[in-house]
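Thanks, everyone. I'll take this one quickly. Please look at the screen.

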Amino acid sequence: MPHILIVEDETIIRSALRRLLERNQYQVSEAGSVQEAQERFTIPTFDLIVSDLRLPGAPGTELIKLGQGTPVLIMTSYASLRSAVDSMKMGAVDYIAKPFDHDEMLQAVARILRDRQSTPASGEPVAGKVANGAAKPGTDNSNGEIGIIGSCPPMQDLYGKIRKVAPTDSNVLIQGESGTGKELVARALHNLSKRAKAPMISVNCAAIPESLIESELFGHEKGAFTGASAGRAGLVEAADGGTLFLDEIGELPLEAQARLLRVLQEGEIRRVGSVQSQKVDVRLIAATHRDLKSLAKVGQFREDLYYRLHVIALKLPALRERGADVNEIANAFLARQSARINRTDLKFAPDAEQAIRHYSWPGNVRELENAVERAVILSESPEISAELLGIDIELSDLEDDEFIGLAPQQGNSAANNSHEPTEDLSLEDYFQHFVLEHQDHMTETELARKLGVSRKCLWERRQRLGIPRRKTGVASES
């Protein structure tokens with residue numbers, strides 16, 4: 001069992017991290033400062049050190065030297081991200097920004113421990129969400145190294161593309177709605193690439209003020225602008241040899257786009273205020289929820305940069321398009337949130353499971369996670385109801401659940417006798433035409449009855465044919 005040392009002066013964070021790692025079969029010791037760690041432990045005997053960057057007394061980077069080769073994972077706030085990058089130059093194996101996602105932490109820990117060994121240990125927890133208990137004995141863990149929950153056809157297709165694309169150095173553009181998990185895909189591409197041991201620098205282009213973004217990305221020389229009292233390397237330079245992930249790249253100003261294009265075309269950067277260029281070896285992964293091609297047509301995004309980024313395009317499906325994956329993901333979130341408050345009795349009530357499955361989730365996985373977290377905190381009984389989840393859906397639409405997974409009854413016996421739920425209506429064009437024509441004035445149950453299928457079959461065919469369920473003023477069933 002790997003032995004991990006946590007060095008963190010905030011007791012709440014240290015205790016939460018210890019519980020998280022212990023639940024995932026790691027042996028954990030903890031200290032509040034570098035000095036305490038030195039006094040209590042023989043630091044080089046640990047398999048991994050997870051340390052805050054800013055500690056009372058000596059900084060967390062001191063543990064790099066004291067560990068004598070033990071990998072050090074640095075934790076830092078976004079505000080001190082540049083210092084974390086500097087710590088990697090001093091020998092830290094990676095950094096993780098606070099507040100960190102539990103899955104992100106588990107993925108980083110598993111990857112570092114795996115890389116430390118010449119061959120992966122068969123009993124070691126796998127990366128990401130699978131390591132957090134989402135996978136169960138007997139399930140297919142073929143996407144375990146990718147670290148994303150879900151087995152619907154669109155996701156299986158995505159996993160295959162990730163495995164093909166990751167070993168290359170091609171630029172990748174990840175497209176998908178906000179909250180679908182684009183950074184998880186970027187992390188999987190990096191972890192499965194030949195650059196996995198080098199840093200992956202993540203930058204949210206929408207979170208950096210426009211006046212600072214060029215300096216943050218490309219660095220600056222002393223005196224380049226007011227307040228530039230010393231030269232500093234940019235995040236592109238910090239990613240040299242590794243991967244640069246630019247999230248929300250559609251928010252990047254045009255001038256910064258021109259500089260980024262030079263990085264992609266020439267493999268070199270020029271710091272703000274400098275007349276000299278320097279070579280960098282960076283693989284670029286970009287993500288956006290916007291239509292860059294349309295933005296390029298109206299001059300809001302450089303067309304030449306768009307085509308440079310669009311070498312490989314990966315499309316992340318929205319949560320509403322992933323079928324039964326939504327319930328699997330919800331149960332994984334429920335298990336994680338329950339463990340955080342030491343409860344083992346919580347489960348979703350039947351109405352909650354139905355609502356989770358049929359709600360459109362405009363905020364995608366992020367919205368689902370927040371809903372489950374809120375429900376777990378507020379729950380006073382073992383069963384979590386749909387109302388507690390705060391899902392905005394007409395539950396009366398879901399009351400005829402005898403239709404889910406069953407053949408239709410009352411007047412549809414002929415259709416039932418001649419077809420199985422997964423075989424009826426083989427004329428896909430007729431199905432699509434009927435649904436598009438009638439969904440504005442019929443409920444889902446009425447549509448299913450008219451078509452002679454179960455509601456589950458109707459939903460699955462919608463997804464396969466790409467027919468979204470429209471939000472209309474149709475009266476709810478009663």
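Accessible areas here come from the Shrake-Rupley method with a 1.4 Å probe, and for residues, only the protein chains shown count as cover. On that basis, the protein's accessible surface comes to about 22,300 Å². Carbon and sulfur atoms hold 48% of that surface.

Now the ground rules. This is a predicted model: local features need pLDDT of at least 70, side-chain atom pairs count only at pLDDT 80 or more, and totals for chains, interfaces and linings use all residues. Residues are numbered from 1 along each chain as its sequence is written, and side-chain values use heavy atoms, with hydrogens and water left out.

Next, the fold. The protein has 21 helices and 14 strands. These are DSSP runs, numbered from the N terminus: helices are H or I, at least four residues, and strands are E, at least two. Of 478 residues, 51% are buried, meaning under 20% relative accessible area.

On to the interior. A nonpolar core is a set of buried Ala, Val, Leu, Ile, Met, Phe, Trp, Tyr and Cys residues joined through side-chain atoms within 4.5 Å. The largest has 50 residues. Val236, Leu244, Leu246 and Leu309 have the most contacts inside this core. Helix H11, residues 254-266, gives the most to this core: five residues. Apart from it lies another core of 25 residues, including Leu319 and Phe333.

Last, one residue. Is alanine 108 buried or exposed? Alanine 108 is buried, at 7% relative accessible area. Alanine 108 sits in helix H5, residues 102-116. Its C-alpha is 8.1 Å from that of aspartate 94, 14 residues apart along the chain.

Definitions and conventions. Buried < 20%, exposed > 50% of the residue type's maximum accessible area, 1.4 Å probe, protein only.
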